[in-house]
Amino acid sequence: MTDQQSIPVAEEPVREPQNKTAEKSGRAGRNLPAAIAVGVALGASLIAVLIFVPKVWVAVVAVAMAVATHEVVRRLRESGFSIPVIPLLVGGQAMIWLTWPFGTTGALGAFGGTVVVCMIWRLVSGGLSTAPQNYLRDMATTVFLAAWVPLFGSFGALLIYPEDGAGRVFCLMLGVVASDVGGYTAGVLFGKHPMAPAISPKKSWEGLGGSLVLGIVVSSLAVSFLTDNPWWVGVPLGVMLVITGTLGDLVESQVKRDLGIKDMGTLLPGHGGLMDRLDSVLPSAVATWIVLTLLA
């Protein structure tokens with residue numbers, strides 16, 4: 001009978017983590033060091049632009065809208081949508097740049113022209129002898145995308161033109177960041193009641209409360225010190241930024257859920273695509289322009 005001790009026994013191999021970045025990832029499953037580094041670099045670059053060459057902000061917005069639009073179009077095409085990308089990209093640039101000489105009239109006029117061109121482009125894309133398939137679905141998605149990205153982005157460009165324009169852009173950025181930080185902190189510490197579990201399971205009503213508190217405080221301070229408006233304008237601004245920022249995040253989460261994807265792209269390490277960082281900023285730009293224009 002063979003002695004069991006003489007039988008070689010293979011040792012259990014030490015398994016390396018399948019994803020070495022997982023150890024560095026936070027609760028969101030992202031590489032936190034990379035995310036922080038990218039966030040700091042982007043933030044520092046934007047601050048430098050707004051302080052030293054504020055009008056370059058329009059070019060920054062134009063480039064960001066082109067990249068974000070392309071990311072979403074690529075994802076939609078992977079899911080079988082037929083989106084007229086060329087007129088959408090060209091029209092998106094027109095929405096941004098026409099704000100310089102014509103203000104809101106330029107943005108809205110370019111949006112209307114973009115929709116008309118996209119309707120014709122999609123209609124004749126397969127030739128006049130062939131009826132296009134899923135025309136209504138594709139055009140509805142195209143119009144949604146034209147409003148969601150470049151039109152909303154044009155309101156971010158409109159913020160820079162007044163004398164205190166750089167301060168107004170800072171109000172947008174600081175308010176959105178404060179809403180995110182307040183919501184994350186309150187959600188981690190006190191979050192027990194999911195706000196929209198079917199869309200974004202990690203958002204809680206307690207987190208929304210934290211967003212409101214910090215968003216209002218920071219927005220009031222930003223309006224007071226960075227613009228020509230009284231501090232109380234920061235109260236409705238903070239509330240609007242929290243609402244639009246939260247809903248913007250939920251909207252993109254639902255879009256990605258419909259498409260069956262996690263991120264819109266991979267451009268920014270630790271963050272995903274550029275659109276994944278702009279989901280709350282874009283509707284918040286509209287809210288910031290409305291509040292600071294009506295109450296100025």
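Leu 128 is located in the loop that connects helix H5 (104-124) to helix H6 (135-158), helices being DSSP runs (H or I) of at least four residues, numbered from the N terminus. The model is predicted, with local features requiring pLDDT of at least 70 and side-chain atom pairs pLDDT 80 or more, whereas totals for chains, interfaces and linings use all residues. Residues are numbered from 1 along each chain as its sequence is written, and side-chain values use heavy atoms, without hydrogens and water.

Leu 128 has a relative accessible area of 78% and is therefore exposed (over 50%; buried is under 20% and partly exposed in between, with a 1.4 Å probe and protein chains only). Together with Val 116, Met 119, Ile 120, Leu 123 and Val 124, Leu 128 forms a nonpolar surface patch of about 570 Å² accessible area (Shrake-Rupley method, 1.4 Å probe). Patch residues have over 30% relative accessible area and no salt bridge, and nonpolar side chains are joined within 5 Å; a salt bridge is a side-chain nitrogen of Lys or Arg within 4 Å of a carboxyl oxygen of Asp or Glu.

The loop between H5 and H6 also contains Asn 134, a non-glycine residue with a positive phi of about 55 degrees. Most residues other than glycine have a negative phi. Asn 134 is partly exposed, at a relative accessible area of 45%.

H3 contributes four lining residues, the largest share. The lining comprises five nonpolar, three polar and no charged residues.

Note on methods:
Patch = residues over 30% accessible without salt bridge, like charges linked within 9 Å, V, L, I, M, F, W, Y side chains within 5 Å. Helix = DSSP H or I, 4+ residues; strand = E, 2+ residues; numbered from the N terminus. Nonpolar A, V, L, I, M, F, W, Y, C, P; charged D, E, K, R; others polar.
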